[in-house]
Amino acid sequence: MANNAQTPLETQGKKSLTGQTTTSLYKQTLLAGLWRENPVFRLLLGMCPTLAVTAAVKPALTMGLSVIFVLLCSNIVVSLMRKLLKPHLRILMFTLTIATFVTIADLFLKAFVPRMSETLGPYVPLIIVNCIIICRAEACASKNTLVVSIIDALGMGAGFTLTLCVLAGIREILSTGAVWEVNILPAGFVPWAAMSMPVGAFITLGLLLGLVNVTTKRNAKT
Amino acid sequence: MLKAIRHFIEQSWLLIVASFFFGLLIATTNTAWSPRIEQNKTTKINNLMSGLMPKAEKFELAAELQIESSKGKKVKSNVYKGLAEGRCLGWAFNCEGPGFADKIELIVAVDENFENFAGYAVLASNETPGFGDRIKLPLYRQQFAGAPADKLELARTGDAEKIDSEIVAISGATVSSEAVIKIINNFVVQVKEQMQKKGLIGDGK
Amino acid sequence: MDTLNILLMGFISIVIINNLVFTKFLGICPYLGVSGRIDMAFGMGLAVTFVVTLSGTLTWLIDHLILLGTPLEVTRYVCFILVIAGAVQLVEMYLRKFFPVLYESFGIFLPLITTNCAILGLCLFINLWGIDNLLEAVVLSFGAGIGFTMAICIMAGIRENLNLADVPQCLKGAPITLITAGLLTLAFMGFAGMIR
């Protein structure tokens, strides 16, 4: 998985040496996180929180924003430190950085949105072991300049948040008839309780992944 | 020896400096926000208690008791006095116990003599959505308002409108309904006993 | 006798009823990646069991002896993940020295266990559930590992047969695994409420 993520950026790096404009490099990096290398659908990273917090859109959005925050900060710090890292200690450094920023994010949530913090529960500290963040630190931030790392973080984070919200939207509509606690479906709709339980999470994600596979195959053919 | 230490520091100076810096960062954020976090916790409990005793103007912590839970473990229970114009309107205490899925935490409110329940509110629970989750809904909760603060009993069918010590279970969620009743029964008996021993209740003070 | 009862109930609860993979969504990444063959899955499961028992105990000890009640509590997450990383490193070094064959067969899995949500998740759940007894923490950690091993072996068995089935092209690989996992979750939900 990490190799797939490295190659496009490496080739982009080489291209920029031969004259590809920096703005188009930035745009490519940003868009990569959103679709082509979407962390959940294409790279299959960060599954645990995806399944756990997507019972409703509000917690999903909160989790997505927290991940963007941690990803951004950790990418910035790792990119600034990249010349000083000793090879055999670098995973430890990444882990330490990520753990610090997750602690800060958790404190922020507990202080300013306590109800969301309770709903998310232990899944906020689990951002530390979220493969997305450590993979991006390893594959991108430790090898690229500050600006590219920031854009990569924003792209990946946005892709992740988008995925979470789509999954949460589907599950919330089907399990309560409302999205963001605003009723959308008519009152006659019988809610599918299974959608708010683990079953619904797994099956929805599986079907969505299948859908994404179909779309990419079709795009590749045309 | 010195060479070994020098080698160690050369390899890990970044780690040491970073740890120090990160530790500082965490410490600052924590000091800045922890009063707010504490405040959030008390606000939440106060809001729940106001919902149960709407006439009370403020709540003050009356006692911190150790109650034995149904599993035999000692659980801390805070008892709050609801006051309006200096007069005691009632008491509220938190209790917990095993539910269908995970632990259920409740706040139970009683009148000033511990004779009748004012109701309960769910602090935390993880029951099955659509079934056990209904313990949060007024439809089940209103059966407790005014019920005698003694041993409540679960009934599978019956008149939910009648206020007495028989509580009609939620259909499809007997275990969760029973769990709530068991928790309340277990705690109200012990809290009443300990409060009487402390002399805090007994003559409607 | 009563403690034994509590320990046994706790063990059964975390292996079957509150299984970390099926009810708490932990450990999905390796679950999808490794559960191709039963022997690989079993090996991974054993490695995880070992590491999680060690980490669960160590983090409980650190939590209760050093962190709880002191201002250092806010560094809990940092401490936990460092302990887990250290434990994995220790296990790796120990295996490499004394059981080289076993070490070779584990391959890349061992370092990957550090980012396994199940381990950090379990340490945090032990903290969340307010376990105040070292023996209970050890039993729960061990149970979590066994639960994970059981889940991953069931999955591997099903996947081995799925390879021979006629799965639609777009669903091959991760999607069908997830759907199967969902159905397994449904099956395991039947165990809920077993312990009052």
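Buried residues account for 46% of the 196 residues of chain C in this predicted model. Chain C consists of 9 helices and 0 strands, whereas chain A has 9 helices and 2 strands. The two chains meet at an interface in which 31 residues of chain C are in contact with 31 residues of chain A.

**Chain C: fold and dimensions**

- From the N terminus on, the order of elements in chain C is α-α-α-α-α-α-α-α-α.
- The radius of gyration of chain C is 18 Å, which agrees with the value near 16 Å that a compact globule of 196 residues would have.
- The C-alpha trace of chain C spans about 55 × 45 × 35 Å along its principal axes.
- Of the contacts in chain C between residues at least 6 apart in sequence, 80% join residues at least 24 apart.

**Chain C: backbone at Phe25**

- C:Phe25 lies in the loop between helix 1 (2–17) and helix 2 of chain C.
- Most residues other than glycine have a negative phi.
- C:Phe25, although not a glycine, has a positive phi of about 55 degrees.
- C:Phe25 is buried, because 26 other C-beta atoms lie within 10 Å and the cut-off for a buried residue is 20 or more.

**Interface between chain C and chain A**

- The contact involves 31 residues from chain C and 31 residues from chain A.
- On the side of chain C that touches chain A, at least two residues each are supplied by helix 2 (28–34), helix 4 (76–98), helix 7 (117–128) and helix 9 (174–189) of chain C.
- Helix 9 of chain C provides the largest share of this side, with 9 residues.
- By class, the side of chain C that touches chain A comprises 25 nonpolar and 6 polar residues, with no charged residues.

**Chain A: fold and dimensions**

- Read along the sequence, the elements of chain A follow the pattern α-α-α-α-α-α-α-α-β-β-α.
- Chain A is as compact as a globular protein of 222 residues, because its radius of gyration of 19 Å is close to the 17 Å given by the globule rule for that length.
- Taken along the principal axes, the box filled by the C-alpha atoms of chain A is roughly 60 × 50 × 25 Å.
- In chain A, 51% of the 222 residues are buried.
- Among the contacts in chain A with a separation of 6 or more, 76% are between residues 24 or more positions apart.

Key:
Residues are numbered from 1 along each chain as its sequence is written. Chains are lettered from A and ligands numbered from 1 in the order in which they are written. This is a predicted model: local features need pLDDT of at least 70, side-chain atom pairs count only at pLDDT 80 or more; totals for chains, interfaces and linings use all residues. Two residues are in contact if their C-beta atoms, placed from the backbone, lie within 7 Å. Helices (H or I, at least four residues) and strands (E, at least two) are DSSP runs, numbered from the N terminus. Ala, Val, Leu, Ile, Met, Phe, Trp, Tyr, Cys and Pro count as nonpolar, Asp, Glu, Lys and Arg as charged, and the others, Gly among them, as polar. The radius of gyration is taken over C-alpha atoms; the globule rule is 2.2 Å times the number of residues to the power 0.38. A residue is buried if 20 or more other C-beta atoms lie within 10 Å of its own, exposed if 12 or fewer, and partly exposed in between; C-beta atoms are placed from the backbone.
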